[in-house]
Amino acid sequence: MLEQRRRINIEYDVIIIGSGSIGVPTALATAHDGLKTLVIEVLPSVAQGDNKHAIGGIRATHSQKSKIWICQRSIEIFSTWKKKYGDDIWWDEGGYVFIAFTEEQEKLLKDTVDLQKKYGLNIEYVGAEKIKELIPGINDQGLLGGTFSPKDGNASPLLALHSFFRQSINWGAEYKFKEEVIDILKDNKKVTAVKTIKGTYKTKNIINAAGALAKKIGQMAGIDIPMQPDSHEAGITEPIKKFFSPMVVDIQPFIDPKFGNSKNYYFYQNKEGQIIFCLTPDPSKFGTDRRETSSFLPQISKRMIKLLPRLRNIKIRRTWRGLYPMTLDGNPIIGPVNGLKGYINAVGMCGQGFMLGPGVGELLSRLLTRKINSQDNEILEDLSLYRNFYQVENFK
Amino acid sequence: MENITNHPILKIPKRKLVNFSFNGKKLTGFEGMVISSALFMNKIKIFGHHVKDNSPQGIFCSNGQCAQCTVIVNGKPVKSCMTPLADGMIIESCEGLPELPDDDKLVSVGDPPIIETQVLIIGAGPAGLSACQILGEKGVQVIIIDDKDRPGGKLVLQTHKFFGSQEDVYAGKRGIDIAEILSEAVHSLSNVDVWLNSTALAVFSDGLIGILKNNEEYIIVKPKYLLVATGAREQMLVFPGNTLPGVYGAGAFQTLVNRDLIKAAERIFIVGGGNVGLIAGYHALQAGIEVIGLIEALPQCSGYKVHEDKLRFLDVPVYTSHTILSANGDNQVESITIGQIDKNFNIISGTERTFACDAILIAVGLNPVDEFYHKAKEYGLKVWVAGDAQEIAEASTAIFTGKIEGIKILKEMRLNTIDNLDKLEEKASIMKLKPLPPVQIDVPDIEEGIFPVFHCNQEIPCNPCTSVCPQKQIETIDDSIMQLPYFKGEKECTGCGRCVAVCPGLAVTLIDYRKDKNNPIVTFPFEMTIEKLKVDQIITVVGNHGELGQFKVIKSRIIKEFPLTQLVSIKLTSKIAKYAVGIRLQPSIVREPLELYYKHPLANDTIVCRCERVTVGEIRKWIHKGITDFNELKALTQVGMGACGGKTCTPLIYRIFSEEGVSLDEITPGTLRPLLIEVPMGLFARTKEEDKYRI
């Protein structure tokens, strides 16, 4: 009885809402730093929202400095994880290739490279010959070249999140599954507790890491989050012997009168030899529908085979559809809010939550333990809820 | 192993031999037969080795659903069970991961067509065909698809006669013949399109169905109404050696033997005493394959008693209260170890025995293939489900449920004029009744004249004997299809033998006392040889409790209507005549067990997920850590994420959960995603190729 009462009266240092791409690595960081951490998740187990819909690309080569900084740290965490903690999360330093077929694309990529180099990123604009070397069999008709960033890579979202999850528990993080958050309790412009369908948990801080559901959580706290999810479909093939390493990103727009136009698409071959691919429809499909459509396979297959004809013989195993919590400028919203102490957003990852997660987690932990540095301050300003959202990211 | 050249029931078509090579060795096989069967013909059972643990891979589902039979044909990885053999094929085993051919020529791409239809039926088995007939005859435009090369579903593999009634479900006819009757009725309808070799790949949320047509073309179908009649899939078991080449589902084995006419093994052992296992044993014997034994975990076989008796009379030992302990062999099955179990299913120490065999057939139950139904329902399509996809039962029941669901669709379309749904549903529910325990039946006292003796001692839904008697002297008790038949004797029996020939259970004999009261002539049905037994040929006569002795055949005849069931007459003494139930060619042989091969099953090392090679131990480890979400188990172990999409391991994992004390309602089921089977990307882009894609 006493034990039970004590538990009810526990006050957490931080409650993280959502056990996905952001919530879990954040819990990993806060628990590691000694904060009493609770993660509340509405789904039955860890990483069952849109994390498992991510295909696994991890890059620092963004066109926006905050994302570059965050992902540089993420890559350090992903790439050293197995050595440090023993779990294979299928990290593969395969690099990223963005391909250019038009002068316009070429210019866009070259301009971005200049910016990226300023931040110390290992990226070059390379000619068609180098691209052909990196992607054997690529259709070189009209191929001008592209960027190659060898230090980017990929890992399994499924394995990585589960491994982060278990390590966070080792460091003392607690998790509650199948618990829907129904209210955020406040007192005197300060968060005090999180109310779920099963109980109320006291806390000093709340991190909204609810992915596509973040808007709803924000509303409970009285915070309007300018984010709306759109959906992308993805798929995976049978495994075959590895024949290319990088994530291939084709940014050409594609007109498809029968099955729907699309913007970019991208694919890579994972450590097991399977090719994983994803397409960005044009216009975006806003909403929370995650049900597979009949359009996706004809749309993506045409594009991938045009680019890499030998793929016509690979067998597709499975497809799925996931949500990208989109913001207006394609950048996440991270940090505290005005007028409600203890509430922190870690939302609007625009489909990049998996690669941003570990870096975001450490940043937020520094924020909570009052250890933020000047770079962190720059990031928080950059990704603030109160920024002007008109500076659109090049490859959002 | 060889091809079957002589079969008592199946016609052997003329087939053209062609040349091919396997790993550089020159071989021959029949043109158009699937590659896996061509390899079996050449005694090749190992088709490659798994990338993860180098375990030998070979035929498993024989149904295009997994990828364990993958071989490399002319440089491309294909499923050997789905790819027809062609002259000059260069085939290689698939060692580890296949290489994608570096075929980089530019190809033009196109869009798959979207075809509209009133009704789409997935599955042309007994349920699908029956529904299709109902709909087609009312002028409804129907597309019916099936992934096999001929309609009929599993009926096309069934050489035995079916139960039920003649009026409704063609009782007394063989499965293969029922398939033909049902198919012809559908083929004659001009408003029905039959797409064979056509697999439904996915039901999409926009109400469209993706179909791989004729194994070479991707087509999207937009139906107003959908009927899912996709049948069942076989359950597997977890035991050491369960993934060795040579362990098959009974249905997979029937495909090799009865469809491809391959003697797929020399000596088999069957696990499971339901109808599927019992019949598989009978079919193997008809194909000249020895059946070393059959085990059933329960104290009685759950299949029909008459099916079990057919095996017993043919000298197959049936071991009840037994389980399989292991399949043994280095690269393929060489023996089986079985053991007796007590009522708590624990192995009784000292009862373990090992028998030599080169194939083990698993027939431990079926699960509905109902994922399309559930998806379609979830996505708001107008969908119905029939046959085994609705509920596992006999093919005869599937005919009923197909008709019923067909009528329901007609009703929805406001086209139904006959309303006999209640009557059909009542009949279907009778067909679904589980067989009752066999009863003791008394032989008739009378020892004069001629009359049939019914050795049918179990109440099952069956009555064709009542329909064929020209004197109308055979009835069932209370005229109920579930009851046992008897001879009324108000009119004389003509001795025509039709009741003997029609009985699906081979459980009717005819006794004729007219010539010699002390030595009556007994007539038995026999369907193990294509040639008629010769006069004076010595055969063995069996009763319910064993052999009754060797006797000479005095006559063998065939009734035109039942051309494949010989009626063999033998003179017996009056003492045994009424107790004689069956005949066989050979006297009983005693099968000595081998030296016991029984490594204590390392239960934790046993494979659960064959595609990703995940062990029981791995699954248990995570269950012990508290995992109850199937999706989490998938993420952690890759279980169910391989080529077959979890079709085989999912029920096994549920069983492990239950063994570990996790109840069903605690488990979050895994998410099912398209595609049903793996399909080359080029098909979705409709690339123009000289080479056809092969799945």
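What share of the 695 residues of chain B counts as buried? The figure is 54%, where buried takes 20 or more other C-beta atoms within 10 Å of a residue's own, with C-beta atoms placed from the backbone.

This is a predicted model; local features need pLDDT of at least 70, side-chain atom pairs count only at pLDDT 80 or more, and totals for chains, interfaces and linings use all residues. Residues are numbered from 1 along each chain as its sequence is written, while chains are lettered from A and ligands numbered from 1 in the order written.

Stay with chain B. It has 17 helices and 38 strands, both DSSP runs numbered from the N terminus: H or I of at least four residues for helices, E of at least two for strands. Its radius of gyration is 26 Å, close to the 26 Å of the globule rule for 695 residues, so chain B is as compact as a globular protein of that length. The radius is taken over C-alpha atoms, and the rule is 2.2 Å times the number of residues to the power 0.38. Along the principal axes, the C-alpha atoms fill a box of roughly 85 × 65 × 55 Å.

Now turn to chain A. Strand β13 (residues 247-250) of chain A runs antiparallel to β14(A), joined by 3 bridges; strands pair if DSSP finds at least two bridges between them. A:Val248 has A:Phe267 as its bridge partner. β14(A) also pairs with β15 (residues 274-281) of chain A, antiparallel over 6 bridges. There, A:Tyr268 partners A:Ile276. The hairpin of β14(A) and β15(A) has 4 residues between the strands, and A:Gly273 takes a positive phi near 100°.

Methods. Buried ≥ 20, exposed ≤ 12 C-beta atoms within 10 Å, placed from the backbone.
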